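Dear colleague,

I am handing over the structure below, together with some notes on what was found in it. Please read the notes with the coordinates open beside you.

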Amino acid sequence: MSQAAVRPVEGKEEMGQAMFCYQCEQTAKGEGCTRKGVCGKPPEVAALQDLLLYAVKGLSLVAVEARKAGVSDKEVNGFTCEAVFSTLTNVNFDPERFVPLVHRCVQLRERLREKVRVAGGKTKFSDGSADFKPEAALQGLIEQGKKVGIHSDSSLDPDIRSLRDTLIYGIKGLGAYAEHARILGQEDEAVYAFLHEGLAATLRKDLSLDEWVGLVLKCGGVNLRAMELLDAANTGAYGHPVPTQVPLGAKKGKAILVSGHDLKDLEEILKQSAGKGIFVYTHGEMLPCHGYPGLKKHPHFYGHYGTAWQNQSKEFAAFPGAIVMTTNCIQKPLDSYKDNIFTTSTVGWPGVAHISNLNFEPVIRKALAMPGFSGDKDAGSVMVGFARNAVLGVADKVIEAVKGKAIRHFFLVAGCDGAKPGRNYYTEFVEKVPKDCVVLTLACGKFRFFDKNLGDIGGIPRLLDVGQCNDAYSAIQIAVALSKAFGVGVNELPLSMVLSWYEQKAVAILLTLLHLGIKGIRLGPSLPAFITPNVLNVLVQNFDIKPITTPDADLKAILGS
Ligand code: SF4
């Protein structure tokens, strides 16, 4: 390295491994990806993500001092969300995109430092991240990134590392939700303040285990606020979701498929493709968008195509139109559709066309040039739109059904989908839920059972799709409203949570549930690799969190028969 640019805490390389990442559920051998990510992330991108995170920690040190001096910088706040979101699983695999991100981070840090100096605040820091000078070019940045990964401080106590990394992954999820809300104009200074406080804290060596646990739970509390903002952003822009039947087939004509999570991108695609003979379809986590009045009003917003993110290579290859990947969940595109797929916002893949400034004209041109669907296809339909407003609109009926024992129990079967065979648990679990019980679901884990006809209980559907993972706030509000109606705490409700996790948004949601004091969560398909046995013990003792076992055994344990 040409300058005293990066000062790793212990000055050690990453234990001779090409990379180390253990932030998601599919991590290699349940321990960590060390040669290449199971997700497809190469060591170079892992190093660049580590470097960006290191740089953002340095920026956060300055931002914490800035707030003490009465300075908050809007651009720094927004950039922090965008930067941590870029390091989420399956978001940005394009090394070139990390070069301007790292450079901008350092420019913002220095600009903020000057503001702090003028305001009379502290501008000198002992941690190297606050003075880090990035190399100009890609290869130099990669070399710098190799020195600041997870094991750069190899002497760290394993339980402290576990809690530190839990905090980092929770912050990544929190930053992603805050970014979704920010795009639609909903922000809260308190969320940004914690992002910087939490990131700066991950550099500290003087915190006790209890203090780390406190920070982790605080992250969950702040994430609740971020999800509240996102709920306000989505419902404010597009109205409260209403129960809506969504076709799973196809309409003859040109086609655009929108995957990911971003409602604003979808709205723009709908507006810009109107009147052009194109039908717009959702994929994966975009399915619940059909329930929003402000989106479903577009007559060419037709239906849903395919299932969850991990099936995209097969499903995208068969789609006869243009594909847009908004936000997270991209996998390596096959050559057969690499020219038809586009990324937006934080998403990136080397060689894949990227849409900037919400200008989807290249997508529309591609869709018009492709064959589209040659005829109408009927493949049935599913119902969406059972978010908090719709469910609580029939709260009286639900409460009556519970009091009259028509509904025995609620199950929230929610979370991410993924490729592991163990995820069949969730399909089997829902199939085996007794007929006097209702299943609430959200996020892409629902694709394990979303098209099953579970019938209804006195007109209340037994399968209620609350929305995306981004709509976890809605499910929490339903639980809180029911607990108020019954005059008991959420833990006393006839409600059990059976969750599946995959990436860092799910970590943030789990921390929110723990912050709310929710007990007895069943988590699968496997426990996070970054949780040590001692930290797991803390979770078990305080929150009675448990791994899933078998559907039969878990149902018996919950229902007692
Ligand atoms: Fe491995 Fe997951 Fe990290 Fe990808 S994001 S490198 S699969 S742990």
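**Notes on the model**

Strand β2 (residues 254–259) has five of its six residues buried, so it is largely enclosed by the rest of the structure; buried here means under 20% relative accessible area, exposed over 50% and partly exposed in between, with a 1.4 Å probe and protein chains only. This is a predicted model, in which local features need pLDDT of at least 70 and side-chain atom pairs count only at pLDDT 80 or more, whereas totals for chains, interfaces and linings use all residues. Residues are numbered from 1 along each chain as its sequence is written, and side-chain values use heavy atoms, with hydrogens and water left out. Helices (H or I, at least four residues) and strands (E, at least two) are DSSP runs, numbered from the N terminus.

Two strands pair if DSSP finds at least two bridges between them. β2 is joined by five bridges to strand β3 (residues 278–282), and the two run parallel, with isoleucine 256 opposite valine 280 in β3. Between β2 and β3 the chain passes through helix α8 (residues 263–273), and this β-α-β crossover is right-handed, that is, with the strands pointing away from the viewer, the path from the first strand over the helix to the second runs clockwise. β2 also pairs in the parallel sense with strand β5 (residues 322–325), over four bridges, where valine 258 has valine 324 of β5 as its bridge partner.

There is also an open sheet of six strands, with parallel pairing and the order β13-β10-β9-β14-β15-β16. Its edge strands, β13 (463–467) and β16 (546–547), each pair on one side only. Within this sheet, strands β9 (residues 409–415) and β14 (residues 495–500) pair in the parallel sense over six bridges, and leucine 412 has methionine 497 of β14 as its bridge partner.

In helix α4 (residues 138–145), the residues Leu141, Ile142, Gln144 and Gly145 are buried. They lie on the same side of α4, because they cover an arc of only 160° around the axis, taken from the directions from the helix axis to the C-beta atoms. These buried residues pack against α1 (43–68) and α3 (95–118), contact meaning heavy atoms within 4.5 Å.

Finally, with a disulfide defined as a pair of cysteine sulfur atoms within 2.5 Å, the count comes to zero. Cysteine 105 is in no disulfide, the nearest cysteine sulfur, that of cysteine 81, being 13 Å away. Cysteine 105 counts as buried at 0% relative accessibility, and cysteine 329 is buried with a relative accessible area of 12%.

With best regards
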